[in-house]
Amino acid sequence: MKKRNGWKEKAGKIAQILPFYLLAALMVIMCVFYFHMRKRESQVLQKVQDAEEYSSYYMMITNDDSLPFWQNVYAGALEEAQKADAYIEMPGLNLETDYDKRDLMKIAIDSKVDGIIVEADESAMMTDLIREAEDNGIPVVTVLEDNTQAGRQSYVSISYYNLGREYGNQLCDIIREKQVKGYGSRQNVMVLLDAERADTSQSILASMQEVIDGEGFGDLVQIEAVPVQSGSAFAAEEAIRDIFMTRDTLPDVMICLNEQNTTCVYQAVVDYNKVGDIEIVGYYESDMIRSAIRKDIIHSSVTLDTKQMGRYCVDALTEYQESGYANEYFAVDISLLDAQTLGEGGADDVQETD
């Protein structure tokens with residue numbers, strides 16, 4: 001009984017002091033998080049000090065700085081910034097801790113940079129951050145994706161209407177090629193949409209359908225739009241593999257509206273032995289995409305001038321600083337990458353489209 005009572009007393013004491021230990025642990029976690037944020041801010045401020053020899057200091061913020069797409073955009077922006085006596089940083093590169101766009105926007109505003117380039121969205125959070133930057137006298141340029149609610153100075157992107165028309169042209173070419181080979185012309189087409197970009201996806205679909213109807217193929221094409229989450233490569237891969245594993249009938253053509261989905265569809269077609277059964281029209285370019293086009297696994301890919309995109313972003317900020325005004329919209333060139341263009345001059349000599 002004495003032993004039992006002794007354990008009860010110990011348990012009671014532990015129960016009394018446990019909340020204090022939990023509170024202490026929580027405070028330690030909060031202090032560590034605060035330390036990392038302050039450390040990151042100090043790194044940015046150090047960058048500002050290091051860049052004092054330049055007349056302007058800009059920051060570029062995107063959803064995923066590790067993607068080759070954004071690294072190429074940054075390369076174009078950096079090249080143009082140096083011409084304009086400016087320094088530009090992509091703060092998400094080479095960091096031990098991942099920060100989301102909200103954190104990076106707050107850091108940029110607190111650091112009082114001379115301009116912000118951001119892959120925006122229409123969320124209330126992004127609207128508030130852009131307005132906060134404007135209230136602090138920091139001009140904002142949105143790139144690829146826009147925010148129409150706040151007072152950004154410029155929007156740099158591609159024409160999604162023209163992008164859809166190019167996808168429509170490629171689909172019509174596939175139909176003609178199959179007609180010549182006697183494979184039949186009726187096509188089931190699956191378009192993999194970016195679930196987080198509903199507005200731009202719908203614009204692409206509408207202009208694609210316009211081209212198909214204009215070429216007289218409207219009755220021969222059945223289009224199915226399938227949203228795919230773009231938050232991570234793993235989520236996209238799982239969603240696309242589910243299509244191949246669970247559907248009794250697969251589409252004749254799969255159209256991808258981003259680089260991530262293009263890569264996942266290509267891998268699935270190879271893994272499930274569907275090469276030659278499914279035509280792929282992809283987006284952007286990479287070593288893998290170029291190789292797949294040469295092997296006739298990917299029919300073609302619609303790409304864009306990423307370095308031009310970066311240059312336009314810096315041009316907009318420079319123009320605003322010099323005159324207090326900047327063009328509201330900059331349209332980036334899109335091009336077609338296929339076996340013919342690769343054979344003639346490679347990825348650096350692709351066919352531009354209007």
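Student: Hi! Which residues of helix 7 are buried?

Tutor: Hello! The buried ones in helix 7 are A236, I240, R241, I243 and F244. Buried stands for under 20% relative accessible area, exposed for over 50%, and partly exposed for what lies in between (1.4 Å probe, protein chains only). Before we go on: this is a predicted model, in which local features need pLDDT of at least 70 and side-chain atom pairs count only at pLDDT 80 or more, while totals for chains, interfaces and linings use all residues. Residues are numbered from 1 along each chain as its sequence is written, and side-chain values use heavy atoms, with hydrogens and water left out.

Student: What covers the buried residues?

Tutor: The cover includes strand 6 (187-194), strand 7 (221-228), strand 8 (253-256) and helix 8 (259-271). Helices (H or I, at least four residues) and strands (E, at least two) are DSSP runs, numbered from the N terminus.

Student: How far does helix 7 reach?

Tutor: Its 14 residues span 20 Å from the first C-alpha to the last, close to the expected 20 Å. That expected span is 1.5 Å times one less than the number of residues.

Student: I noticed an arginine in your list. Why does R241 count as buried?

Tutor: Because its relative accessibility is 18%. R241 sits in helix 7, residues 233-246. Leaving aside neighbours within four places in sequence, R241 is in contact (heavy atoms within 4.5 Å) with D271 and Y272.

Student: New topic, the aromatics. How many aromatic pairs does a search of the whole structure find?

Tutor: The search gives 7 aromatic pairs. Rings of Phe, Tyr and Trp (its six-membered ring) pair if their centres lie within 6.5 Å; planes under 30 degrees apart count as stacked, over 60 as edge-to-face and the rest as tilted. One of the pairs is Y54 with Y87, which is tilted, at 5.7 Å centre to centre and 40° between the planes.

Student: Where do Y54 and Y87 lie?

Tutor: Y54 is in the loop between helix 1 (2-50) and strand 1 (56-61), and Y87 is in strand 2 (residues 86-89), so the pair ties together parts that are 33 residues apart in sequence. Y54 is partly exposed, at 27% relative accessible area, and Y87 is also partly exposed, at 21%.

Student: What about Y57 and Y87?

Tutor: Their ring centres are 5.7 Å apart and their planes at 20°, so that pair is stacked. It links distant parts of the chain, with Y57 in strand 1 and Y87 in strand 2, 30 residues apart. Y57 itself is buried, at 4% relative accessibility. Y54, Y57 and Y87 form one aromatic cluster.

Student: What is L304 in contact with, leaving aside its neighbours within four places in sequence?

Tutor: F69, I158, Y283, Y284, M309, V332, D333 and I334. I240 takes us back to helix 7, where it is one of the buried residues.

Student: Backbone now. What is phi of L144 and of D296?

Tutor: L144 has a positive phi of about 70° although it is not a glycine, and phi of D296, another residue other than glycine, is near 65°.

Student: L144 and D296: buried or exposed?

Tutor: L144 is buried, with a relative accessible area of 5%, whereas D296 is exposed, at 59%. L144 belongs to the loop between strand 4 (140-143) and strand 5 (154-157), and D296 to the loop between helix 9 (287-294) and strand 10 (300-304).

Student: Last one, how many helices and strands does the protein have?

Tutor: There are 11 helices and 13 strands. Of the 354 residues, 46% count as buried.
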